[in-house]
Amino acid sequence: MLRRLTSLFCLSLLLGGCAPMLEIDASHSSANHDSRVQYVIVHYTSSGFDRALMHLTRGEVSSHYLISEQPTIYRLVDENRRAWHTGDSSWQGRTWLNASSIGIEIVHPGYTDTAQGRIWHPWPREQIEALIPLLQDILRRHQLTPDRVLGHSDVAPQRKVDPGPLFPWQQLAEAGVAIWPEAAVVTRYRQVLAGRTPPPQWFEMALQTFGYRLEISPGAPPAARKKARQNVIAAFQMRFRPARHDGVADAETAAILAALVPATTTTSLWCIPVASASPVVATSVLPTSGALPACSAAETGAD
């Protein structure tokens, strides 16, 4: 039988001559592997369905899924193929995430700039109810944890703001397809800070520990460094403190960030009010161990 198949294969190569058949033994397999998909990135289209579909199917960008207003979930790119939806991006040290992520575009206008300021548009309940089971299915099949679901603004905070501050991340977390800080832990850190703000260096360290990339060149001027940090803080706030997302480092943002990366509160950059700087208070209030240094007058979050 093998000789017959080889002969047929040779006949099919009219100009190339006869080549031996490729034989691969698949009787052994390694247990050391996982999915090439490591993240799921959520976007909004900032346009209507027809225009979004045209751009995603005939333009220079693409996504694996598109959720319309009705909503209908369209698969535009097979999950085994790379879609072009994130561009220059980074998370937890990985860069150019098109190669390792699934992109989900949701038809949504995003925001409208008016004379009174920027107006963010709310998310229709039906679209979120369609998104959640899609995310659950993707996470299950690729054996991903909820922290691997991200927004475009998370992976590209210097240039993107989608899915915006009104996107219901907490609802997704309650459905098991995203993360959200534990309220009691945030409250404890808020009490410890008592209105004080850690220095900018702590925010930079904690945000990068969480996963964000701060695109700051070593020789960048202070103004450029501050702007880059503000963009990342604003992206974090849009996701976890949407009521105020101005990019200003404050005690509330610090408490939320500390709840998500508690290990950063044991470093010398973290601080607590001088009045509470005792081993007893530090160990009873914080979900960490050991005393922490007192917050000096200069460590108020200002540059």
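Reply: Start with handedness: a crossing is left-handed if the near helix is turned anticlockwise from the far one by less than a right angle, and right-handed if clockwise. Helices here are DSSP runs (H or I, at least four residues), numbered from the N terminus. α6 passes α9 in a right-handed crossing. This is a predicted model, where local features need pLDDT of at least 70, side-chain atom pairs count only at pLDDT 80 or more, and totals for chains, interfaces and linings use all residues. Residues are numbered from 1 along each chain as its sequence is written, and side-chain values use heavy atoms, without hydrogens and water.

Me: Which numbers describe the packing of α6 and α9?

Reply: Two packed helices are described by the angle between their axes and the distance between the axes. Axes are lines fitted to C-alpha atoms, for helices over the stretch in contact (heavy atoms within 4.5 Å); angles run from 0 to 180 degrees between N-to-C directions. The axes of α6 and α9 cross at roughly 135° and come within 8 Å. The two helices are therefore oblique to each other, the class left after roughly parallel (under 35 degrees), roughly antiparallel (over 145) and roughly perpendicular (65 to 115).

Me: What is the angle between α8 and α9?

Reply: α8 and α9 pack at about 80°, their axes 11 Å apart. That makes α8 roughly perpendicular to α9. In this contact, I233, F236, Q237 and F240 of α8 meet T253, I256, L257 and L260 of α9.

Me: How many residues of α9 are buried?

Reply: Nine of the ten in α9 (residues 251–260) are buried, meaning under 20% relative accessible area with a 1.4 Å probe, protein chains only. Their cover includes α6, α7 and α8.

Technical notes
Buried means under 20% relative accessible area, exposed over 50%, partly exposed in between (1.4 Å probe, protein chains only).
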